[in-house]
Amino acid sequence: MLQIRIHGRGGQGVVTAAEMLSIAAFEQGRHAQAFPSFGSERTGAPVIAYCRIDDRPIRLREPIVAPDVLIVQDPTLLHQVDVFQGLKPDGFVLINSKKTFHELGLADIEAKYRHERLTTVPATEIALKHLGRPLPNAVLLGGFAALSGLIALEAVSHAIRDKFTGKVADGNIAAAAEAFAYIQRELEELKMGEQHA
C-alpha cells in the first residue's frame with residue numbers, strides 16, 4: 001500500500017490534492033482513499049490530508065503516521081511542523097519551492113534519504129503562470145507523477161478534469177504537465193551527474 005501525506009495551509013487546496021490523487025489512482029484501476037485532518041479550519045492554518053493507494057480494498061481509516069510519500073505545499077511549514085515525522089527510509093519527498101533541500105536548511109534530510117527521491121519544484125510560480133492564482137496542488141501532483149513513476153500524468157489530468165472545468169481545468173493540466181517535465185529534467189540531470197562522478 002502506498003501512503004501519501006500532504007502538508008499545506010488552509011486555502012491551498014490540500015484536501016483537493018488528496019482527492020485528485022485518489023481519483024487518478026482509481027483511473028488506473030487501483031483502490032484509493034483520501035481524507036483530511038483539520039486542526040483549525042482557517043485560511044493559513046496548517047492542514048494535512050492523506051491518500052492511500054493499493055491494489056486491494058483499503059480497510060484502514062486512521063491518519064498516516066509512516067508515509068511513503070510527503071508532499072509539502074508550503075515550505076514555511078518545514079521549520080514549524082515536523083513534516084518528515086515517520087517518513088519511510090526509501091520515501092519520496094516533493095516540496096513546493098525554488099530552493100534546493102540544502103538551501104531550505106534540510107541537509108540532514110538529504111543525508112538520511114535517497115537523494116533521487118527528494119526534490120523541489122516551484123509549484124506556486126508555475127500555478128501563477130497558468131492559473132493566475134497561487135494554487136500549487138495540481139502542479140505538485142504532476143510533479144509527483146514524474147518523481148515517483150507511480151501514477152501517470154494522464155491519470156492526473158483525468159483527475160483534474162473530474163474536479164474542475166473549462167479554463168481552470170485547462171490551466172491546471174498545463175501546470176501539472178510543466179511540473180512533470182521540470183522534475184523529469186531534474187532527475188535526468190541527477191543521473192548524468194552521478195555517471196560523471
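**Notebook: a serine, a sheet and a helix pair**

I began with serine 22, which touches Ala32, Gln33, Ala34 and Cys51 when residues up to four places away in sequence are not counted. The model I am reading is a predicted one. I then looked up where serine 22 sits and found it in helix α1, residues 14-27. Is serine 22 buried or exposed? Its relative accessibility is 8%. Buried means under 20%, so serine 22 counts as buried.

**Entry on the strands**

Which strands pair with β4? I found that strand β1, residues 2-9, pairs with β4 in the parallel sense over 4 bridges. In this pairing, arginine 5 stands opposite leucine 70 of β4. I also found that β4 pairs with strand β5, residues 92-96, in the parallel sense over 4 bridges. Here leucine 70 stands opposite valine 93 in β5.

I followed the pairing onward from β5. Strand β5 and strand β6 pair in the parallel sense, again over 4 bridges. For asparagine 96, I noted valine 121 in β6 as the bridge partner.

**Entry on side-chain directions**

I recalled a general rule before checking the side chains: in a regular strand they alternate between the two faces of the sheet.

I repeated the check on β6, residues 118-121. Leu118 and Thr120 point one way from this strand, while Thr119 and Val121 point the other way. These β6 residues are all buried as well.

**Entry on two helices**

My last entry concerns helix α4, residues 137-148, and helix α5, residues 153-163. How are α4 and α5 oriented to each other? I noted that they pack at an angle of about 160°, with their axes 9 Å apart. Angles over 145 degrees count as roughly antiparallel, and α4 and α5 are therefore roughly antiparallel to each other. I recorded their crossing as right-handed.

Which residues of α4 and α5 meet? From α4 I listed Ala138, Leu141, Gly142 and Ala145, and these meet Leu153, Val156 and Ile160 of α5. I sorted the residues of this contact into 6 nonpolar, 1 polar and no charged.

Notes
Residues are numbered from 1 along each chain as its sequence is written. This is a predicted model: local features need pLDDT of at least 70, side-chain atom pairs count only at pLDDT 80 or more; totals for chains, interfaces and linings use all residues. Side-chain values use heavy atoms; hydrogens and water are left out. Two strands pair if DSSP finds at least two bridges between them. Axes are lines fitted to C-alpha atoms, for helices over the stretch in contact, and angles run from 0 to 180 degrees between N-to-C directions. Angles under 35 degrees count as roughly parallel, over 145 as roughly antiparallel, 65 to 115 as roughly perpendicular and the rest as oblique. A crossing is left-handed if the near helix is turned anticlockwise from the far one by less than a right angle, and right-handed if clockwise. Contact means heavy atoms within 4.5 Å. Ala, Val, Leu, Ile, Met, Phe, Trp, Tyr, Cys and Pro count as nonpolar, Asp, Glu, Lys and Arg as charged, and the others, Gly among them, as polar. Buried means under 20% relative accessible area, exposed over 50%, partly exposed in between (1.4 Å probe, protein chains only).
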